[in-house]
Amino acid sequence: MEKDRITKNTSGDNMTFQDPSRNTLKLKNYFDLPAPAKINLFLHIVGRTDNGYHLLQSVFQLVSLFDYIDLEELSDGKIERAGDINWSVESDLCWKAAKLLQEKCPDKGVRITVRKNIPDGAGLGGGSSDAATVLIGLNQMWGLGLTRQELCGLGVSLGADVPFFVFGQTAFAEGIGEVLQPVETEEMQFQIIFPGVRVSTAEIFNHPDLTRNTNLCTIANLKQQLHNFVQSPWGRNDLETVARSLYAPIEQAVKLLTPFGNPRMSGSGSAVYVAEKNLDKKSVKIPLPENWRQWAVKGLKKHPLWSWTC
């Protein structure tokens, strides 16, 4: 079958993600499902659990940088993974997400194709977002009727960031990242630089110099700060100091962005961003080393597939 892009309103087997309620047929193929990146407006490590997991507080912000995913129904009940993959399929989050949902409908199969724009190891949540989009898309395509809360519960077993992308809106995160509450921020654009290196999250979290005892904050204390984030970015990223000491390109990216605002690393790195109020500004014109990338992206209030779950 020819692949009509999902951004078109079609009358065949494909669905537009903008308004899935228009087509009441059981659809077999979904193309160009968006999987947005995220940034951490701040990320504080506030303790550890008895089994070694780090407890955090953060605000996760969706942004308009996307991977795109195709879901094509297979009649033989197989889960296939195509596209960017160059690792063991059994370790792939999208494949794992499909296998989780297949437990509820063993006769269903799907070919998953991922087209990557979000770099791996950048702290932008690309892999987790891809898995969340697979959960959302297959829940719709297979007619499972799982709620957003139920999908978030499944996402926890895939990775700490997956529930946020299913949650699908700006969130204050606690626990290991799975305890989520919606928050509002000012409208922002972000200049993001990816300095061409992939960071090992485990390496950063296990480093002896990592701060693990930042004081707790509350949503009530955050409200004013989040509405004045561009002018006065609140908090910090507790992982940043260690990451900058281990990865020279992150330190270089911070220095390159300093003239344009208050640079901050996202997640465990390596991407660095500055927040802006100008929502139409193009990427800053900074000469970058080979294999580095940069984007000007807008903050998203909700996931593009928000209406697919309730």
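**View 1. Surface of the predicted chain.** Of the 310 residues, 53% count as buried, meaning under 20% relative accessible area with a 1.4 Å probe, protein chains only. This is a predicted model, where local features need pLDDT of at least 70, side-chain atom pairs count only at pLDDT 80 or more, and totals for chains, interfaces and linings use all residues. Residues are numbered from 1 along each chain as its sequence is written, and side-chain values use heavy atoms, with hydrogens and water left out.

**View 2. Overall dimensions.** A compact globule of 310 residues would have a radius of gyration near 19 Å, and the chain agrees at 19 Å; the radius is taken over C-alpha atoms, and the globule rule is 2.2 Å times the number of residues to the power 0.38.

View 3. You'll find eight helices and 10 strands here, taken as DSSP runs (H or I, at least four residues, for helices; E, at least two, for strands). Take the contacts (heavy atoms within 4.5 Å) between residues at least 6 apart in sequence: 75% of them join residues at least 24 apart.

View 4. Average pLDDT (the predictor's confidence in each residue, from 0 to 100) is 90, with 91% of residues scoring at least 70. Residues 1–16 stay under 50, yet the model gives them 45 contacts beyond four places in sequence. Residues 19–25 also stay under 50, with eight such contacts.

Definitions and conventions. Buried < 20%, exposed > 50% of the residue type's maximum accessible area, 1.4 Å probe, protein only.
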